[in-house]
Amino acid sequence: MASTGFFGLKRHNNWKQKWGVNGPEEQTDAVIIVGNIRIPVHNTILAAGSQYYRQWLAIRPRKTEIPEIQLHYVNVHTAWRAIELLYCQSYTLKPCPYAEQPDNRGPLDQRAAIYQLSEYLGLSQNLQDIAFDYYRRAVEKDWEIEDFLTSINVILNPVLQLDVLVSAQKDELRENRIVVLMFHHLHKRRVLFKNDYLLTLHLQTSQFFMDLFVRSWASYGRN
């Protein structure tokens, strides 16, 4: 649910005021659970800002007095930053204060995961744009090869089953902005990948993406 104009700006300012040093504060009335970690949040903010949460809220089993949603297969630090993005329209790479384990992932890996989660949670297009821009700016700087390749795995992982989908869905993925950005920098900095071994190792998990890379290489070479 996108917010535009004066009232949208005012609403986001109100949301930001509810974000303190340790995240959401002042009369929280919902919980996001990641593993064994419980993150208190505001039900109205999540319902207004996340399509995924709204859909879950409509069918949730009434087992608890307040809504408690479990996020599976999500890094707690990624979830924390996505919540910060929702509240503040920006985020930092500070770790979740409720987690004992540090976040040892590289910055590209971290930012790619936040972008993917913002899509999965159905945050507004504006917030998805912000998450994408954070990743884009990070990719345009210098980076470690392993960090970049790991971030690619984060991007590709949710769609590894696309090899069995129809051509129209594959065409849509070819035009996906983060996939286009990823292939652009793969080709632009291909010299960094000695003998293409590391690159092939990461792309061969999906024949479709390997094919995409080969096709994009031909197109890139003409530009």
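1. Contacts of Q128. In this predicted model, Q128 touches Y115, S118, E119, G122, L123 and R177, leaving aside residues up to four places away in sequence. The residue itself is placed in helix α6, which covers residues 125-139.

2. Burial and polar contact of Q128. The relative accessible area of Q128 is 11%, and the residue counts as buried because this value is under the 20% cut-off. A polar atom of the Q128 side chain lies 2.9 Å from the backbone oxygen of L123. L123 is also among the residues that Q128 touches.

3. Charges over rings. R177, one of the contacts of Q128, has its charged end over the ring of F132, 4.5 Å from the ring centre. A second case involves R137, whose charged end sits over the ring of Y134 at 5.1 Å from the centre.

4. Aromatic pairs. The count of aromatic pairs comes to eight. One of them joins W19 and W80, with 5.0 Å from centre to centre and 50° between the planes, a tilted arrangement. W19 lies in strand β1 (residues 19-20) and W80 in helix α4 (residues 76-88), so this pair ties together parts that are 61 residues apart in sequence.

5. Burial of the two tryptophans. Both partners fall under the 20% cut-off for buried residues, and therefore W19 is buried at a relative accessible area of 15%, as is W80 at 3%.

6. The pair of W80 and Y98. W80 also forms an aromatic pair with Y98; here the geometry is edge-to-face, with 5.8 Å between centres and 70° between the planes. This pair again links distant parts of the chain, 18 residues apart, with W80 in helix α4.

7. The cluster. Which residues do the ring pairs link together around W80? The cluster consists of W19, W80, Y87 and Y98.

Notes. Residues numbered from 1 in each chain as written. Predicted model: local features only at pLDDT ≥ 70, side-chain atom pairs only at ≥ 80, totals over all residues. Heavy atoms only, no water. Helix = DSSP H or I, 4+ residues; strand = E, 2+ residues; numbered from the N terminus. Buried < 20%, exposed > 50% of the residue type's maximum accessible area, 1.4 Å probe, protein only. Polar contact = N/O pair within 3.5 Å; in protein donor to acceptor, adjacent residues only side chain to side chain. Contact = heavy atoms within 4.5 Å. Phe/Tyr/Trp six-rings, centres within 6.5 Å; stacked < 30°, edge-to-face > 60°. Lys NZ or Arg CZ within 6 Å of the ring centre and 35° of its normal.
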